[in-house]
Amino acid sequence: MGLKPTLTQISPLIYEFEWNLNISDTLLQLQLSLKTKLLENFPNKILELRIGFKTLALVFTKPMESAKLIDWLGSLNPEEAAEPLPNKIWQIPVCYAPETGRDLKTLASEKNLKQEEVILLHSQELYRLHFYGFLPGFMYLNGLHTSLHTPRKSVPDRSVPAGSIAIGASQTGIYPSSSPGGWHLIGQTPLSLFDPRQAKPVFASAGEQIEFVPISLREFENAKRHPSQPQFK
Amino acid sequence: MIRDIGYLKIMKTGPGTSVQDQGRVGFTNFGVPVSGGLDTRSLTWANHLLKNEVTDAVLEICQPGLTIQFDSPTLICLAGARTAIKLNGKLISSFGLLEINSNDELKIGLFYEGSVLYLGIKNGFQSEMIMNSRSWYAGITATDFAKKRDLIPYFTNQEIPTFTSSKVKWKLDWSSIQIIDAYAGPEFKLLDKKSQEEIESMQFTISDLKNRMAIQVVELLQNGIPEMATAPVFPGTVQLTSGGKLIMLTKDCQVTGGYPRILQLTDQALSVLAQKNAKDKIRFHLKELT
């Protein structure tokens, strides 16, 4: 069934678990559960644990015999139910407009949709946060409506403004800092998404959900002047 | 011990001068790169000779044309690339410990051998510590690369420290080897037999696409592996793009990637690679995990 991952040793310190399953909430549950169990079973031996869409990488502080890890993995009960995902939903205000998302018009017309339809399709879904990658504080989100899937730009933009909401292939995301990028920009959030001076530099954790809440250009500009914290429900 | 603050002033610099230490550990799950010195071996050696902590911060220099001035006495140590170095206009040995007096000026000229030079300082540079590291990285620290007139703080004793240890020889021979040791990456098994063999039999040339994030080679490798779901990558991970380009990730690399990961370089190999220049030749040697 693929519920049990395969284990690959990458270097004396790095291991990776991989699941032969489609990207889904169920798979994320399995990844997060295994992450918790590893931390419980190998306390003080783990330097870092990181997830990808279908993987969980593990870095030990000291070399560990692979047999130990294989035996431990074999001892886990595959029938044991994984912990449910958290039900926290973060609300991210987004100004969807050509002024804040320079590709909104083109993307809508290429898809034969009105801009309002693109906005509705994007803001009516709940997105699951799987992990952070690409840039500090960049969330890998699952749940983009299939009718919004769009191939990445063949020539990436030299500079995407911080806070940009963008679509790239089957994914959507928010650029936490200004960076080059090949995704299509459809809007912008006034929120700050990453603060390196905080012990936890991001607000949302893997497994939680994100909801995009449309706001007007005026509300966007106002919020930029009066920075606020992200809200959740 | 007296611990007054002194400053190193950047008078002139080429691109790629930055403060680095052993890197940022434990923040990759927020998307934060590891960073840290490209050549850990030389960086660690500089700190060792200074009797510093292994985690102390040093200056990483990647281009000729750096001129710096110290406003107070200290002890420094140079390690890594062999370069033309002048102290107050006088040519000096490019390796080992060096006493510095107030207003001394140090000039780094041509790189004769290697590609990265480290300048360690007694007790380490004292630039801001963010997420347990002083390594500069855009968006994490206020600065990413040094520019003219930047001031970098260090501790001074207000008197020139004397050192009694005899001059320790630093040789860069270890970095001139062509062999880059690597383990098979998670997607290595998906390569066809011919490409798997070519990884070890081919000689690859370092291209000029070389920075703190990645180093590319000139030669292409046949790649039939389909695109994969985004997965964790590490410094030392070698990715193979759909166009057949080999990308060797270095210390400032992203924490995740979507290209097949065909090799994972050893830490020692990463230090060797860091000292390579464009047009240098390398060969991969696959190591077994025991």
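1. In this predicted model, the interface between the two chains brings 29 residues of chain A into contact with 24 residues of chain B. On the side of chain A that touches chain B, the elements giving two or more residues are the strands β1 (6–9), β2 (14–18), β3 (46–51) and β4 (55–60) of chain A, and the largest share, three residues, comes from β3(A). Sorted by class, the side of chain A that touches chain B has 16 nonpolar residues, together with eight polar and five charged ones.

2. As for the overall build of chain A, there are five helices and 14 strands, and the C-alpha trace spans about 60 × 40 × 35 Å along its principal axes. Of its 233 residues, 39% count as buried. Among contacts in chain A between residues at least 6 apart in sequence, 62% join residues that are at least 24 apart.

3. The domain assignment divides chain A into domain 1, covering 6–75, and domain 2, covering 89–232. The C-alpha centres of domain 1 and domain 2 of chain A lie 30 Å apart, and the contact between them involves seven residues of domain 1 and six residues of domain 2. On the side of domain 1 of chain A that touches domain 2, helix α1 (residues 25–41) of chain A supplies the largest share, three residues, while the residues of that side divide by class into five nonpolar, one polar and one charged.

4. In the model, the end C-alpha atoms of residues 5–204 of chain A lie 26 Å apart, and the span is 22% helix and 30% strand.

5. One helix deserves a separate paragraph, namely α4 (residues 115–123) of chain A, whose buried residues are A:Val118, A:Ile119 and A:His122. Seen down the axis of α4(A), these buried residues fall within an arc of 100°, and they therefore line one face of the helix. The buried residues of α4(A) pack against a helix, α3 (104–110), and against the strands β10 (171–174), β12 (184–188) and β13 (209–214), each of them in chain A.

Definitions and conventions
Residues numbered from 1 in each chain as written. Chains lettered and ligands numbered in written order. Predicted model: local features only at pLDDT ≥ 70, side-chain atom pairs only at ≥ 80, totals over all residues. Helix = DSSP H or I, 4+ residues; strand = E, 2+ residues; numbered from the N terminus. Nonpolar A, V, L, I, M, F, W, Y, C, P; charged D, E, K, R; others polar. Domains from an automatic or database assignment. Buried ≥ 20, exposed ≤ 12 C-beta atoms within 10 Å, placed from the backbone. Arc of directions from axis to C-beta.
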